[in-house]
Amino acid sequence: MKGKLRSIYENKYKPLLIIPFLLLILAVAQISYQYAATGDFVNRGVTLKGGSTITITEVGAINHQQLQSLLNEKFPLADISVRTLSSAGKVAAIAVDSDAQEEEIDVLVNTIKTEFNLQETDYSVEVMGSSLGRSFFKQTLTALLVAFLLMGLVVLIYFRTLVPSLAVILAAFSDIVVTLAVFNLTGIKLSTAGIAAFLMLIGYSVDTDILLSTRVLKRNDGTIMERIYGAMKTGLTMSLTTLSAIVVSLFFVQSDIIKQIMVILFIGLLVDLVMTYIQNVGILRLYLERKTKRR
Amino acid sequence: MKKLMKDIFLNWRVIILLVFLLFALISIQPHFFGNEGVTIRSVAVNSSAARAGIQNPSPTSSPLAKEKIISFNGEKISSVGDYYSLSDNLKINRTVTIETSENIYSLYTKENEEGNVDLGLKVYDTPVSNLRKGLDLEGGTRVLLKPVDKISEEDLESTIGSLRERLNVYGLSDIVVRAASDLSGENFILIEIAGVTEGEIKELLAKQGKFEAKVGNETVFLGGEKDITYVCRSADCSGINPQVGCSAHPEGVACGFFFSITLSPEAAQRQAEATGKLAVVSEDGGSYLSEDLILFLDDVEVDRLKIGSSLKGSATTDIQISGSGIGATQEQALTSSLQNMKKLQTIMITGSLPVKLEIVKLDTISPSLGKEFLDNIALVGFLAMAVVLTVVSLRYREAKIIVPMALTLLSEVILILGFAALVGWNLDLAAIAGIILVVGTGVDHLIIITDETVNGEVVTDWKKKIKNAMFIVMGAYLTTLAGMTPLLWAGAGLLKGFALTTIAGISFGVLIARPAYAAVIEKLLKE
């Protein structure tokens with residue numbers, strides 16, 4: 001079994017290239033569908049759209065479903081959703097997301113406060129103006145784009161050969177797009193921290209690609225396949241350490257912000273395995289094959 | 001063994017890392033066994049504490065340098081609970097002795113508006129290091145304000161000055177007020193106040209910043225351009241008063257300042273009417289009018305000036321405002337005098353804010369949530385580190401690799417925290433996300449270095465091995481750097497903390513800690 005997989009991986013690298021590109025196409029389809037259905041290619045949360053979040057930390061006897069129906073009853077016109085934040089399997093806080101701003105938020109807060117007899121220190125409130133939310137979204141996207149271009153430039157200058165550099169850039173691009181599509185499917189709403197996570201992902205995803213390309217292109221020991229396996233051994237150790245740290249954090253961390261960063265990095269690092277060891281490896285091997293033929 | 005240790009600790013890369021670590025620890029100054037007393041967060045204006053001479057802490061002083069209350073009526077204070085249980089049971093018109101890290105004060109208790117005894121002090125548990133906790137972790141309120149209309153840089157600056165002044169008048173000193181802008185050139189004002197609830201800050205911002213000057217009960221002029229047409233801020237008509245200069249004072253040295261203002265004819269007329277009725281009294285060798293000119297900001301008295309007898313009943317439009325500042329040394333007195341002058345000038349110029357501001361973002365974080373976050377993050381950080389070390393242990397099964405790796409990662413965290421303490425950053429959740437990223441790339445890079453050197457090419461030349469490893473690490477570093485840089489400017493600077501922590505942390509890692517790791521494992525594994 002292991003031998004068979006190995007032989008497929010070593011010999012059928014051209015047909016295998018279909019997998020990453022298929023993933024990329026499916027991801028683009030998902031994102032287009034999301035855009036067509038909601039008018040937005042990602043589900044934007046309060047920090048990127050405007051609105052407010054009330055986080056109740058003294059949960060006590062409050063039940064989040066009861067709270068949801070209570071609020072729906074009192075504010076039938078408002079868009080309110082109640083969710084729980086858990087850490088180590090226990091509910092640590094209840095968050096109320098709504099489109100309420102300015103004066104409306106005070107009404108909402110006071111309703112919850114009197115209903116459950118809360119003190120001022122038992123909850124946190126975050127209010128984001130909608131125009132600021134929109135401009136935040138636009139700007140962080142611009143930042144993401146600029147970051148990506150700068151990264152591409154660095155890679156080009158670093159390797160000074162077109163095809164391998166483009167392969168690294170394509171791997172990072174595919175990683176971001178596929179991760180975004182998978183993230184959309186989870187139904188979580190994207191916050192500013194989430195965009196920061198995508199920026200982190202550029203860094204993490206390019207690490208393994210640079211390692212791979214350097215080993216394959218700039219070393220002379222062993223065959224190409226041996227060098228690829230060497231890079232893979234190092235790269236997999238890297239991904240494994242990061243992924244295991246992320247899984248632990250996902251389970252225990254209480255902060256919404258950090259949890260979202262972890263979710264995105266988790267998806268991204270898994271996708272990166274495909275993009276690095278199938279897509280990038282495949283393109284590098286095709287490139288080296290052509291190069292030797294031409295000689 | 002001894003020679004090996006000597007080799008390691010005399011390697012220049014290791015020495016550089018150790019020196020930086022030492023600096024980091026000096027700037028963090030961790031107090032591992034807790035710290036004494038409670039720290040003063042703010043002193044309310046005209047409160048018992050302020051009258052006894054307790055000063056508001058300066059917002060720029062480092063957390064450990066702030067004044068701490070050590071004992072209260074002879075009883076040792078070791079927590080916020082201790083302090084409030086004593087201060088809440090005070091009776092009116094008694095003397096309370098408070099010993100702080102700087103001085104011993106006698107406070108005379110009085111009632112506040114609600115009929116309770118209030119000393120006017122807000123305190124918090126004394127920090128155990130010089131790290132500043134951001135709002136997310138400490139609890140407090142963050143407001144992002146946007147001018148309704150486009151305003152000039154100058155107006156923005158004076159608005160910020162005026163807001164800061166106003167918040168100071170209310171005894172809130174643990175505040176950040178700064179300008180922020182975003183990629184599309186929009187201006188914002190960011191205010192962060194620790195330990196204040198949303199209601200309080202909204203109330204403060206809703207106030208107009210009304211400045212009034214009264215003689216007796218009559219208002220003679222208001223702040224702003226209508227009554228005060230000109231406030232001199234140039235050297236020829238403002239500064240330290242040459243005629244008064246500095247003189248000895250019970251608390252050290254007092255220095256006098258002066259500046260001139262020009263009133264509108266109407267305001268001058270009102271002043272003439274108000275002063276005309278007053279008697280002339282002699283005091284300290286000078287002759288003054290029987291009532292003072294009292295300056296109010298939002299109905300709170302901020303200053304009281306004597307009126308020279310020559311001004312009685314005259315409708316002069318040019319008035320000289322004078323006052324003084326007190327300090328332990330002449331230099332301190334001069335600084336404090338000039339500060340007081342600037343404060344008064346700001347109040348007079350911007351009696352009300354030059355622009356209308358709207359709140360575009362308002363966050364309140366409950367202090368208990370902040371505390372929970374911090375404990376939780378410490379737990380998660382510890383667990384994540386343990387898991388990472390387990391994975392690398394399984395892979396390498398060699399203490400000579402694992403121990404240096406763990407120490408390198410730990411020193412990277414210390415370097416970031418040391419830098420944060422040194423430059424006075426607030427550590428918030430975004431900064432912690434940055435630290436996670438740094439440690440994450442740290443592990444990755446250490447694995448690259450290890451594999452390149454230990455399992456890498458069959459060359460015996462360690463220099464070349466390390467060079468190979470650092471080539472990959474540098475490439476990864478430069479791309480991450482490229483990814484973070486644009487965030488420095490996006491989104492009104494709210495993600496700046498994240499970007500800065502990451503950039504600083506990764507730079508320390510790649511330039512200082514990770515090369516030292518390479519040097520150490522080279523020495524350990526060379527044979």
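Colleague: Which residues in helix 11 of chain B does helix 2 of chain B meet?

Modeller: In this predicted model, helix 2 of chain B contributes B:Leu17, B:Phe20, B:Leu21, B:Phe23, B:Ala24, B:Leu25, B:Ser27 and B:Ile28 to the contact. By class, the residues of the contact between helix 2 and helix 11 of chain B comprise twelve nonpolar, three polar and no charged.

Colleague: How are helix 2 of chain B and helix 11 of chain B oriented to each other?

Modeller: Two packed helices are described by the angle between their axes and by the distance between those axes. Helix 2 (residues 12-28) and helix 11 (residues 399-423) of chain B pack with their axes 8 Å apart and at an angle of about 50°, and their crossing is left-handed. Angles under 35 degrees count as roughly parallel and 65 to 115 as roughly perpendicular, and helix 2 and helix 11 of chain B are therefore oblique to each other.

Colleague: Which element of chain B gives the most to the side of chain B that touches chain A?

Modeller: The contact between the chains brings together 56 residues of chain B and 58 residues of chain A. Strand 22 (357-365), helix 10 (367-396), helix 12 (429-454) and helix 13 (462-484) of chain B each supply at least two residues of the side that touches chain A. By class, that side of chain B has 33 nonpolar, 14 polar and nine charged residues. With 15 residues, the element that gives the most is helix 10 of chain B.

Colleague: Which residue in strand 22 of chain B does A:Val127 stand opposite?

Modeller: Strand 4 of chain A, residues 123-128, pairs with strand 22 of chain B over four bridges, in the antiparallel sense. In strand 22 of chain B, the residue opposite A:Val127 is B:Leu362.

Colleague: Which elements of domain 1 of chain A give two or more residues to the side that touches domain 2 of chain A?

Modeller: Chain A is divided into domain 1 (2-44 + 131-294) and domain 2 (51-128), and 37 Å separate their centres, taken over C-alpha atoms. The contact takes seven residues from domain 1 of chain A and six residues from domain 2 of chain A, and the domain 1 side has four nonpolar, two polar and one charged residues. The elements that give two or more residues to that side of domain 1 are helix 7 (130-159) and helix 10 (224-252) of chain A.

Key. Residues are numbered from 1 along each chain as its sequence is written. Chains are lettered from A and ligands numbered from 1 in the order in which they are written. This is a predicted model: local features need pLDDT of at least 70, side-chain atom pairs count only at pLDDT 80 or more; totals for chains, interfaces and linings use all residues. Two residues are in contact if their C-beta atoms, placed from the backbone, lie within 7 Å. Ala, Val, Leu, Ile, Met, Phe, Trp, Tyr, Cys and Pro count as nonpolar, Asp, Glu, Lys and Arg as charged, and the others, Gly among them, as polar. Two strands pair if DSSP finds at least two bridges between them. Axes are lines fitted to C-alpha atoms, for helices over the stretch in contact, and angles run from 0 to 180 degrees between N-to-C directions. Angles under 35 degrees count as roughly parallel, over 145 as roughly antiparallel, 65 to 115 as roughly perpendicular and the rest as oblique. A crossing is left-handed if the near helix is turned anticlockwise from the far one by less than a right angle, and right-handed if clockwise. Domain bounds come from an automatic or database domain assignment.
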